[in-house]
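Q: I would like to learn how to read charged side-chain contacts in a model. Could you take me through them?

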Amino acid sequence: YTELKNNDDPIVAYLTLPERLANIVPTIPPTPTIPPLPFDKTILNGTWSFVNMSGLLQGDPNTLYEPTLIINTDTMRANGFGGCNSYSCDITSVDGFTIAFSNFISTKAYCGDVSNNEGQFLTLLGNTNRWNMNNDQLRLLTTDDQEIILTRNPSEPQPEPKEETEE
């Protein structure tokens, strides 16, 4: 459990008990490294269609707000349609619980009320730090617990999980 500093030093034998205790250094066993759970990030790949988001402004009921998000974890890129403009960004990290998007670029057309919702959508996407999935519904959550809810494009089949290979 403990080791005495300077074990080979003959002076240690002449130290008082408090002095000896001061020379005791606890030996802490190394913390075992726990490997991450296997995670197939390709389950996120594909086209996701908008369902709802925090801060959605209700506009003209005859004008649908239908942004998309296309995720490609093989290239670590995402792109889509924000409701008015096309956009593209990097996926800077992804694992079984977290995802982050950065380096956004987009076209710059103005589309009235839709532009406000598009701005909110892209802001939330840029602040996303985690995700969860339930069936074909993807929920992206931000640092302040706002969310974007998307559903997998029904015309696009869910990718088959990749086989785990031993390295």
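A: Start with one residue and its surroundings. In this predicted model, Asp145 is exposed, with a relative accessible area of 53%. The cut-off for that label is over 50%.

Q: Which side chain does Asp145 meet in a salt bridge?

A: The general idea is a distance test: a side-chain nitrogen of Lys or Arg lies within 4 Å of a carboxyl oxygen of Asp or Glu. Here the partner of Asp145 is Arg130, at 2.2 Å from N to O. Arg130 is partly exposed, at 26% relative accessible area.

Q: How many salt bridges does the structure hold?

A: There are four. One of them joins Arg77 and Asp90, whose closest N and O atoms are 2.3 Å apart. This pair links distant parts of the chain, 13 residues apart: Arg77 belongs to strand E5 (residues 77–81) and Asp90 to strand E6 (residues 86–94).

Q: What is the relative accessibility of Asp90, and what is the relative accessible area of Arg77?

A: Asp90 has 22% and counts as partly exposed. Arg77 is also partly exposed, with 31%. Buried would need a value under 20%.

Q: Which residue forms a salt bridge with Glu147?

A: Arg139 does, with an N to O distance of 2.4 Å between the side chains. Arg139 is partly exposed, its relative accessible area being 33%.

Methods:
Residues are numbered from 1 along each chain as its sequence is written. This is a predicted model: local features need pLDDT of at least 70, side-chain atom pairs count only at pLDDT 80 or more; totals for chains, interfaces and linings use all residues. Side-chain values use heavy atoms; hydrogens and water are left out. Helices (H or I, at least four residues) and strands (E, at least two) are DSSP runs, numbered from the N terminus. Buried means under 20% relative accessible area, exposed over 50%, partly exposed in between (1.4 Å probe, protein chains only).
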